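User: I have a structure here that is new to me. Can you walk me through it?
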Amino acid sequence: MAGETVITVVGNLTADPELRYTQNGLPVANFTIASTPRNFDRAANEWKDGDALFLRASVWREFAEHVAGSLTKGMRVIAQGRLRQRSYQDREGNQRTAIELEVDEIGPSLRYATAQVTRAASTGGAGGAGGPGGGQSRPAQQQVSEEPWSTPGSSTSADAWSTPGSFGDDTPF
């Protein structure tokens, strides 16, 4: 939407994502990303850590279940989303303000690690991170078999992308 503050944060998860369910049964995962800048100190001829930014983040619906099942404490992640400001009263009655990240996309950073991606079977909802569910509803099996990146054997065996190790010079499309 116009006027929203969209940012990208690279950092490490400080704990496993906490998966909870609202009273209506809606899944939500909350976690904290710690982003620490590193700068080279020429006088000392060494790298030094700057002040860490600890940013609370949340994801909703099926996305929350994917995050909770895929990411763990200490993982370096790249997250993109919208900053949200929330005001509340603490236990002493003081007015407080919190800035949180409503995540639109998140994944592991591959700078110092590798990852294996597995396409999740869809339940039909195509809503965003915090937006209402919607989109086209199709049975999960039908949807997976129509996707070119689906698991091996789920579509025709002539699909070069689904056959590991069968690399050629020709593009399979």
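Analyst: Let's start with one residue. Ser-109 sits in the loop between β8 and α2 (140–146). The model is a predicted one.

User: Is Ser-109 buried or exposed?
Analyst: Ser-109 counts as buried, because its relative accessibility is 7% and the cut-off for buried is under 20%.

User: What does its side chain reach?
Analyst: The side chain of Ser-109 reaches the backbone nitrogen of Arg-111, at 3.4 Å. If you skip the neighbours within four places in sequence, Ser-109 is also in contact with Arg-76, Val-77 and Ile-78.

User: Let's step back. How many helices and strands does the chain have?
Analyst: There are two helices and eight strands. In sequence order the pattern reads β-β-β-β-β-β-α-β-β-α.

User: And how much of the chain is buried?
Analyst: Buried residues make up 24% of the chain's 173 residues. The accessible surface comes to about 12,300 Å², and carbon and sulfur atoms account for 49% of that.

User: What share of the contacts is between residues 24 or more positions apart?
Analyst: It is 55%, counting the contacts with a separation of 6 or more.

User: Now the core. Which residues touch the most other members?
Analyst: In the largest nonpolar core, which has 16 residues, they are Phe-31, Ile-33, Val-59, Leu-101, Val-103 and Ile-106. The elements giving two or more residues to this core are β1 (6–13), β3 (27–35), β6 (53–60), α1 (61–70), β7 (76–89) and β8 (95–108).

User: Why would such side chains sit together?
Analyst: As a general matter, nonpolar side chains in soluble globular proteins tend to be buried together.

User: Take Ile-33. What is it in contact with?
Analyst: Leaving out neighbours within four places in sequence, Ile-33 is in contact with Val-9, Gly-11, Asn-12, Leu-13, Leu-53, Phe-54, Leu-55, Val-77 and Ala-79.

User: Where does Ala-29 lie?
Analyst: Ala-29 lies in strand β3. Ala-29 counts as buried, because its relative accessibility is 0%.

User: What is around it?
Analyst: Beyond its neighbours within four places in sequence, Ala-29 is in contact with Glu-18, Leu-19, Ala-57, Ser-58, Val-59 and Ala-64. For a distance along with a sequence gap, take Ala-29 and Glu-62: they are 33 residues apart along the chain, with 9.9 Å between their C-alpha atoms.

User: Where is Asn-45, and is it buried or exposed?
Analyst: Asn-45 is in the loop between β4 (38–41) and β5 (46–49). With 58% relative accessibility, Asn-45 counts as exposed.

User: What about Arg-61, what is its phi?
Analyst: Phi of Arg-61 is near 60 degrees, also positive in a residue other than glycine. Arg-61 lies in helix α1 and is partly exposed, with a relative accessible area of 23%.

User: Last one. How many aromatic pairs does a search of the whole structure find?
Analyst: The search finds one. Phe-40 and Trp-47 have ring centres 5.4 Å apart and planes at 65 degrees, so the pair is edge-to-face.

User: How exposed are those two?
Analyst: Phe-40 counts as partly exposed, at 39% relative accessibility. Trp-47 is exposed, with a relative accessible area of 52%.

Notes:
Residues numbered from 1 in each chain as written. Predicted model: local features only at pLDDT ≥ 70, side-chain atom pairs only at ≥ 80, totals over all residues. Heavy atoms only, no water. Core = buried A, V, L, I, M, F, W, Y, C linked by side-chain atoms within 4.5 Å. Buried < 20%, exposed > 50% of the residue type's maximum accessible area, 1.4 Å probe, protein only. Helix = DSSP H or I, 4+ residues; strand = E, 2+ residues; numbered from the N terminus. Contact = heavy atoms within 4.5 Å. Polar contact = N/O pair within 3.5 Å; in protein donor to acceptor, adjacent residues only side chain to side chain. Areas by Shrake-Rupley, 256 points an atom, 1.4 Å probe, with all protein chains shown as cover. Phe/Tyr/Trp six-rings, centres within 6.5 Å; stacked < 30°, edge-to-face > 60°.
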